[in-house]
Structure formats: structure tokens, C-alpha cells
Amino acid sequence: MSDTKFRFTELSLEKIESNGKRTRYYDSLLSGLILDVSLAGKKSFRVYKKIPGRDTPINVTLGYFPSITLDDARRMARKVMADIAEGINPNDLKRQFRAASVTLKEAFDSYIGSRDLKPITERGYQQKIDCYLPDWHNKRLADINQTMILKRQREITSRSPAQANYTMRLMRALFNFAKAEYKSSEGRSLFPENPVDALSEKRSWNNVKRKTRRLRRSQLKPFIDALYEVRNEAAKYRQNSRVGFCDYLEFLTFSGLRRSELLQLPWSQVHLEDRIFILEDTKNGLDVEFPITDRLAEIFNRRKEYKVSDYVFGTNSKKGYLTDPKKTLKHVCQIAGVKITSHDLRRTFTSMAESSGVSGYLLKRLLNHITDKSDVTAGYLILTAEELKEPAEKVTETIAKYAGLIEEKPDDQMSEMKSLLASLTKEQKVELMSTLLS
């Protein structure tokens, strides 16, 4: 009789000790019942047997000795072997049970833990799950069906169509994650259906129009004037945080950058002597160099005078940088007679770039937008901060001109007049000439 194959008894199993390596023992009384002894000496009962039609045996863990007795292990093993003889994989039954019992909150936590998400993205997801799905936290994912999805989507839509879309996109992602995460031993998903697909089938996604609000040309001067007024008043009363917010809003206006990426810009990524600054780990996951235009250089130099932390827009708070410019922006808007958000300044920069004749590729790079992978030409364009300096200066000059920060040159006025005349129809030109001659 082999040292590893013998008739199991309670006494013989108790005497087994670890031999310094993982060892498997076979019961000669019940073929297929084994005892695995780990390196640390932990003993576990398992069934090791082939499913009919398969070449590789499967391992089914029954429990640990002596927590379960040998008699219990043999009884459990016979039941497992009966399932195996019928072509059933007991491990799949366990997986199905676990998958059937997983709650929405458990699936959400697993999803978040498996993804390398930016803090702002994770906060957004958490807000959706807490604000719009709190009563579903402990609901089994397997119990959420198409009818429930359609009903909840309508409820959220009554509050905010955009948030309804956002929340349902998150739910779709969670079910797709579950589809890939919970599978049988043969690789079949235990969540083959995604109930959120019902929204597409019934065309229930909300048609949310893209926001188009921005500062018009006529609004740039009142806005910048108000911004300077608020900053000067804040500097007078040593309200350094408000001064910082004003500098930040001006920087946004003349750069078009994203709010969160700019607020956390450290001085270590600013190279004034080389006229570049670097944004690391941006929204698209890239580190990007940007040119420092003359207008931005003024802001950087002014921020040096207020340096209190390692961040350009620094403060003495625990984080070390400013976080929410809403109050300052609201105050500026009240004085200027306009109503905008921080992101509207990004759209303002974009519209000014378009009117300045900056090409699409250059503009995408200035805004740090990812170019479509199908665009082969874009793959050959390597635009460094040096190549971006001229178009960036061109845009900031256009903004400064409409903001009244620089005087419009006569040549510029003549060019604008020629452009206006060229845009007139033949009938309009005749009418203009008749008016001038009369």
C-alpha cells in the first residue's frame, strides 16, 4: 500500500503532519476522496474526480479536518460524486450561489477596487450610487431586472435627465463587470444578460443637449474688468485665497484647461525659464506639456508673490491648494452681469481659438483632447509645447483684444473691415454703395 494511499481513519488522519511540502493523500475506501495537507500542516478534504467527457479532474473542497469528521466528509463526497457522475460541476453550483447572492453594493465595491480610477471619477460614481440608488444597495444584482431599470430611469429623469443617463451608464458598467467577473468553470458568464440594454431597445435614453454657454465677445471685457476689480479689492484687504481664485479664473480664460487639472498644478511642474508647464496624469491618462504664453507668464509671476505651498494656486489648508472657485466666480459674474461656470471658460477659449483660425489638430492638443484612433494622420503629428506656442499666443491675443487688455491695431481694424465686406452678398454691397453715395 502506498504511503499516500490508504484507508482513512480518524486516528490516521490525526497523525499526519506536514513534511515540508504540499502533500495529497488518497482514501482507498472511497475512491476520489482526498486529504490535502498544506505546507503549514492545514488539512482539507476534497473530491478529486473527472466529469464524464472531460480529460481533467476537478477539485471540490468539502471542508477542513478536524472541523468536519471523516464520516461527514465521506457522506459529502458521495453526494458530490453523484453530481459529477451526472455531468454537474459542484464548483459551478458554488459560483452560481455566490453570484446569485452578490448585492449591488458588493458588485460596485468590487468594480471600484478593480479599476484605476481618478479620485474625481470615483467620487462621481459614489455620488450616483448613494443619491439615486440607495434603496438598491443591499438588493441582489441578479434580482434587478429590465422593468426595475426602466422605472428607476424614469424616476431619476424627472429630477435630471443628464443624471439619469449617467446613473444608468454606471449600472450598465456594473452588469458588464459582473458578466466578466462571475463565470462557470467552462467560461460561461453567470450574468449573461444586461438589463440596462432595455433602455436602448425601447429608445429610453434621454437626449441631453450639449451645453454651449460661453462668454460672447461683448461679454469678455465686462468679465475681465470685474475679475480685476475683485482681485484688486481682495489684495487690498489681504484676502489671499480670493486673489488666488481670481488668478485661477484668469488662467482658465487664457488657457482653456480643465478645472481640476489646473488647481492641483505644483510648482515643480512649472518651468518658467523654458516657458513650459506640465500637467501629469490628466483626464486621458497622459502627461502633457503646454507653452507658457506671455499672459500666463504674468499670472505665474504674480502667483510667486503669494506662494504659500507647493502648488501654484496654493493655500495654507491641509490639501495645500484651492478647491472651489464658485463663490468668487459668482461674485465676478454679478459685477459683470454674466452667468457662467468654470467649464464655460473652456468653451470660451475654444470659440476664440476657432475665430483665430487655429487648426483642429492644434486646438485638440491645446485642449488636451484625445484624437480618434481611426485618424491615421493624427498619429504622425507630434506637437510639442514649442509648436503650440504660436497658436496659443494667437488665441490669448484674440481674447485679450476683446477683453480690452490690448488696443486693436489699425491694420487689425482694416482686416476686420475687409472680412466684413467680403461676407456681404452682391445685393448688400450695392445697397451699401448706394447709401454711401447718397
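**A short tour: cysteines, a cavity and a glycine**

Start by selecting C131, which is partly exposed because its relative accessibility is 32% (buried means under 20% relative accessible area, exposed over 50%, partly exposed in between, with a 1.4 Å probe and protein chains only). You are looking at a predicted model, where local features need pLDDT of at least 70, side-chain atom pairs count only at pLDDT 80 or more, and totals for chains, interfaces and linings use all residues. Residues are numbered from 1 along each chain as its sequence is written, and side-chain values use heavy atoms, leaving out hydrogens and water.

Next, pick C246, which is buried at a relative accessible area of 0%. Its closest cysteine sulfur belongs to C333 and is 11 Å away, so the two are too far apart for a bond. With a disulfide taken as a pair of cysteine sulfur atoms within 2.5 Å, the count is zero.

Now select F254, S255, L257, F277, F290, P291, T293, L296, F349, L366, A392 and T396, the lining of the largest cavity (on a 1 Å grid over the protein atoms alone, a set of points where a 1.4 Å probe fits but cannot get out; lining residues have an atom within 4 Å of a point). β8 (288-291) and α17 (385-402) each give two or more residues to this lining (helices, H or I, of at least four residues and strands, E, of at least two are DSSP runs, numbered from the N terminus).

Finish at G320, in the loop between α12 (294-305) and α13 (326-336). G320 is buried, because its relative accessibility is 6%.

Note on methods:
On a 1 Å grid over the protein atoms alone, a cavity is a set of points where a 1.4 Å probe fits but cannot get out, and a pocket is an open set with protein on both sides within 12 Å along at least five of seven lines; lining residues have an atom within 4 Å of a point.
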